[in-house]
Amino acid sequence: MARELPHFHLRNLGQPRPFQAKGGGGSKRPSDVPNRAAHAQALLQAIDALPNILAAELPGVYLEVSSRADERLKKDSLDASGLMLLRIEDFLVPGGAQERATVFATAKGIENLRKKVDQFRTEDTPDREKGGEIIPGRPKNADLVQSVAAITEAGLRALWRSPTGKFPAVDVATVWEVWLEPQLTEAFVGAAPNYGVAVGADRLEFPEDTVVVVQADRNQLAQAVRRLGGVRALAAPTITADFFDGLPVAEQAQWVDELAGRTTYTDNPDPGYVTLLDTGVSRAHPLIQPALSVDDRHAANPAWGLEDAKGHGTEMGGLALFGDLTPKLHQTNPVSVVNRLESVKLLPDAGMNPHHLLGAVTRQAINTVEQVGHRRRTFTMTTTTGEDTPHDGAPTSWSTEIDQLAAGVSGDIKQQRLLLVSAGNTDNFTFGAGNYLDRCDHEDNEIESPAQAWNVLSVGAFTEKTVLPPDGEPAQALAPFGDLSPASRTASWSSHWPNKPDVVLEGGNWALSSMPPPMRHGWLSLLSTHHNYPVRSFTFTFDTSAATALAAKDVTELWSDYPTLWPETVRGLYVSSARWTQQMRAHLPAQPNKGHYTPLFQRYGYGVPDMARARRSASNALTLIVEDTITPYGISEKTGGDIHNEMKLFALPWPVEALRALGNADVTLRVALSSFIAPNPSEASRGVRYRYASHNLRFQLNRAGENEAQFLARISKAAEQPDGPANDEDDLWEFGSNRRHVGSLHIDQLTCKASDLARRNLLAVHPVAGWWKSKKLLEEGLPSVRYALIVEIDAGELEAELYAGVQVAIEALIAAQAAIAV
């Protein structure tokens, strides 16, 4: 099997020719310069012309160091003492050949370089004796300094490792590969958006490099590279699924063996399981077999076989274990698979389930797999139906049953469950020549049932795959980098139903030729495991199914990191980690109001999840996680009628003095409240969210200067008039109550001055109306429900100053929690 890949350039040779150093010897020391002092002075002037690293607050400066004609640079001296040699190339110049090195220099490196040049100008090495003859000393550092003809600040081209002809010729937004120092990757990825550089989610891991894909114009990328450092090389992105899918059968199998040889599978005695409700999963594939036991394959109908005849379930299984296989196959680092698989065949090999049985067959699938025993399961379903369309966000029989299963009021085992459902796919043949988003937003493309269910984690698709083969058919990627995948359905309903989808993940892109319709393309797809191994090893995969499988991988890994968390909490953490990409936010006006966010929620939910942020939130002192119960409704002792029974009040552990010290610096507070409701889909409930949900919870934060008594009085009024006039306009909440007060997952954020946040330290969780709020029901008992509350502070570069204070204050937090009678 060949390890060198066509179109994947690990180095750029420019216009190579045999390099002939002066005198014919490649190791010969550089020849003496005609005028030692003048040469040194010219190099010192070049060094003085470089940016002042300390004054400009730069991490360093990228240098382009050129040799004299037909001389070799002294490479080891350019890779020491604050200098890092990144690459070196040969070029033809008048008079011979020239080496050009790209070097990253810190402030220390520049001073050391200046010192060496100055020593060359003024100092000689001691004379030495050889064979009775005294040999005069040479200028110090002569081999280094005499080999150098010029030193300048490097541009992007000096970092370019792909063929010269592929360097972006026009200064427009372009997709680049950025090769980073692994230990500096997070800093670059975190700060690059500040310079207009959009960073993709996928990464390649090599022993000395981490590769990310970004989109930016040349000026934006140049500014990011200059200000942030950490970049080792730039290249044209050519890593696509098309290469592997097009390989002969034997070579595909060799690539599988190579990946399997560097993959380790979890030996955790209590692993997390991705439980796929799909077409079955094939165990024949070597990448899947270690994660899927023979006894962990089931069928909702005992008469069905267990094999995957259609292939879809095996594709999802590969994604749930590895993610997109394309980067995993390209890299050489070890791969760790921490999830295990369970398969429940939800779809027959021939035909479809009758529409009226969709809820029942889903319940039977879950009952079947749960007979194995208790496991930490992420139920993943990428099957939807168009037969309920249009539903306009209202519950259907299938979505209601899904809500019941998540809440634990349905199924043989009464327990809360974490369920992921895909948003459903559009039909590419309905797309014309206009803006593809107009078609995706059309009411005909509303999210398919049961993805509108309140308790599920609904997953749509976006895409960062925009690169097409340069020598292929004339076509262009339909969706821009970081925007909605054309396959993803969106919400078009009124605000009283939940925001859906909750998040979006990579679902591939379509290629548009001269005439519609746009079509799927291998370069714009993900790669996964084929069900018919060894006849085929790989297959393209795409759309919201692929996005949902990727989300299942993330969620299960997150839950395995924190196995004691509730399903409600894991859902809240994962969705709260999501953010809109730069391209998504580009659809907002310069000064958006709360109403401008509506199309973003309808297309992208809360955006693209960030696993690093989710993990950090689960373990960081700047994030407060509360798992608690509340008894929302009761019966009044005075009137005998049903009332709101209980609220929970939290004194947030703000380090008040530290916040006051930050004064006018901005900090962002993000709050997520997650609870699973028991549904009631009666006809009287349609269009009335307070009749569908068993209970509805809200969170409120006190205003600056609002004491506890005033705060509680305001909450009591809001609980009795949940649909009253919006009263949060002065509270700086970014999304607002119209978007926040829907469904069973509520997320919002506000940005304010640190000194103001110090005075906003009371947060309440309280009920508003639900169908449980009925005297007749409450006379049978007062039900309690679980909820998860997640409160995060984002103080940017100031977080370190707050961390210690919050950590100390959290120790006293539990004592400050109180249940208060309304």
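The largest cavity has a volume of about 360 Å³, a cavity being a set of points on a 1 Å grid over the protein atoms alone where a 1.4 Å probe fits but cannot get out; the volume is the space filled by probe spheres set on the points, which are joined across faces, edges and corners. Lining residues, defined by an atom within 4 Å of a point, number 24 for this cavity, and Asp-202, Val-213, Ile-239, Glu-464 and Lys-465 are the closest to its centre. The structure is a predicted model, in which local features need pLDDT of at least 70 and side-chain atom pairs count only at pLDDT 80 or more, whereas totals for chains, interfaces and linings use all residues. Residues are numbered from 1 along each chain as its sequence is written, and side-chain values use heavy atoms, with hydrogens and water left out.

At least two residues of the lining of the largest cavity come from each of β7 (174–180), β8 (198–205), β9 (210–216) and α9 (325–330); helices (H or I, at least four residues) and strands (E, at least two) are DSSP runs numbered from the N terminus. The greatest contribution is that of β8, with 5 residues. By class, the lining comprises 12 nonpolar, 5 polar and 7 charged residues, where Ala, Val, Leu, Ile, Met, Phe, Trp, Tyr, Cys and Pro count as nonpolar, Asp, Glu, Lys and Arg as charged, and the others, Gly among them, as polar.

A search of the whole structure finds 7 cavities of 30 Å³ or more.

Phe-244 and Trp-255 form an edge-to-face pair, at 5.2 Å centre to centre with 85° between the planes. Because Phe-244 lies in helix α6 (residues 241–245) and Trp-255 in helix α7 (residues 249–261), the pair ties together parts that are 11 residues apart in sequence. Phe-244 is buried at 0% relative accessibility, buried meaning under 20% relative accessible area (1.4 Å probe, protein chains only), and Trp-255 is buried at 1%. A separate aromatic cluster is formed by Trp-580, Tyr-597, Phe-601, Tyr-606 and Phe-735.

Definitions and conventions: On a 1 Å grid over the protein atoms alone, a cavity is a set of points where a 1.4 Å probe fits but cannot get out, and a pocket is an open set with protein on both sides within 12 Å along at least five of seven lines; lining residues have an atom within 4 Å of a point. Rings of Phe, Tyr and Trp (its six-membered ring) pair if their centres lie within 6.5 Å; planes under 30 degrees apart count as stacked, over 60 as edge-to-face and the rest as tilted. Buried means under 20% relative accessible area, exposed over 50%, partly exposed in between (1.4 Å probe, protein chains only).
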